[in-house]
Amino acid sequence: MTRTVEQRLDATFAALADPTRRSIVARLAVGDLTVNELAEPFDLSLPGISKHLKVLERSGLISRRREAQFRPCHLERPALDAAVDWIEANRRLWSERFDRLDDHLRTLQAPPNGDLP
Amino acid sequence: MTEHVLHVTRTFDAPRHLVFSCMTEPEHLTHFWGPIGTSAPLDQITADARPGGAFRTVMVNDADGSAYPTSARYLEVSAPERLSWIEDHSGMTVTATFTDLGDDRTQVDIEQINVPAQMMDPAAQAGFLTSLDRFAAHLARLTGAQR
């Protein structure tokens with residue numbers, strides 16, 4: 001199934017909208033972990049953690065190896081990078097817009113004879 | 001289930017009504033809407049600033065002339081405090097809040113949300129406290145060496 005960039009980003013942002021899932025992603029950013037290792041710091045049952053992992057897996061943010069006995073979770077960098085890059089691109093867009101708006105506002109408010117105060 | 005994806009803030013040395021006008025009138029938007037290296041031609045801006053009104057712009061790349069049209073609808077136009085619109089294609093909602101800081105200074109806060117505001121329940125709105133852009137910066141720090 002092919003999804004558009006927007007649909008992929010929607011799924012990524014929806015998955016990241018939950019604090020527990022953000023925490024899971026942040027921990028996996030450092031290295032692969034098993035479900036048991038991921039469950040440790042949370043006051044959550046294994047089925048509870050599994051539910052969060054399924055959402056992250058469906059969004060493409062994490063993958064789990066089929067063959068390994070403990071099925072460690074792996075962060076999929078490209079999916080996360082796409083989201084981070086999108087945020088950075090939009091931050092830059094607004095930053096550049098605001099730089100130019102600042103210039104425009106100065107021009108609008110400059111004394112009409114052009115003399116500096 | 002949602003919260004803002006991006007929060008950008010900036011303070012301008014100008015009165016609030018003027019900053020608000022700049023964000024809603026084509027004659028002003030043409031001066032700054034396109035980021036560096038692009039322009040936003042006046043004759044291709046539509047800003048029918050009322051709820052349901054069209055907000056269309058085209059950003060033209062100065063180097064090669066390629067054009068990036070965007071099309072949105074205004075959701076809220078409350079001069080001079082708040083302005084929001086939803087992009088037709090992505091469903092992204094952008095809210096701009098204008099705060100009068102006194103002494104002719106105005107703070108503008110931009111929030112981008114990836115789910116239409118009218119679809120959010122109060123519980124979801126309460127989730128706005130943490131922003132994904134801060135999380136993204138945190139992750140970039142954590143994993144900077146690996147990128």
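This is a predicted model: local features need pLDDT of at least 70, side-chain atom pairs count only at pLDDT 80 or more; totals for chains, interfaces and linings use all residues.
User: How do you know how confident the predictor is in chain A?
Analyst: The score for that is pLDDT, from 0 to 100. Chain A averages 86, and 90% of its residues score at least 70. By element, helix α1 (residues 5–16) of chain A has the lowest mean, 79, while strand β2 (residues 73–75) of chain A has the highest, 95.

User: What makes up chain A, going from the N terminus?
Analyst: Five helices and two strands, in the order α-α-α-α-β-β-α.

User: Which residues of helix α2 (residues 19–28) of chain A are called buried, and why are they on the same side?
Analyst: They're A:R21, A:I24, A:V25 and A:L28. To be called buried, a residue needs 20 or more other C-beta atoms within 10 Å of its own, so each of these four passes that count. Around the axis they cover an arc of only 95 degrees, and that's why they sit on the same side of α2(A).

User: What makes B:A96 stand out in the largest nonpolar core?
Analyst: That core has 27 residues, and B:A96 is among those touching the most other members, along with A:L105, B:F12, B:V19, B:M23, B:W85 and B:V108. As for the core's elements, α1(B) gives the most, four residues. Leaving out residues up to four places away in sequence, B:A96 touches B:M23, B:L83, B:V108 and B:I110. A contact takes C-beta atoms within 7 Å, so each of those four meets that cut-off with B:A96.

Methods
Residues are numbered from 1 along each chain as its sequence is written. Chains are lettered from A and ligands numbered from 1 in the order in which they are written. A residue is buried if 20 or more other C-beta atoms lie within 10 Å of its own, exposed if 12 or fewer, and partly exposed in between; C-beta atoms are placed from the backbone. The arc is that of the directions from the helix axis to the C-beta atoms. A nonpolar core is a set of buried Ala, Val, Leu, Ile, Met, Phe, Trp, Tyr and Cys residues joined through C-beta atoms within 7 Å. Two residues are in contact if their C-beta atoms, placed from the backbone, lie within 7 Å.
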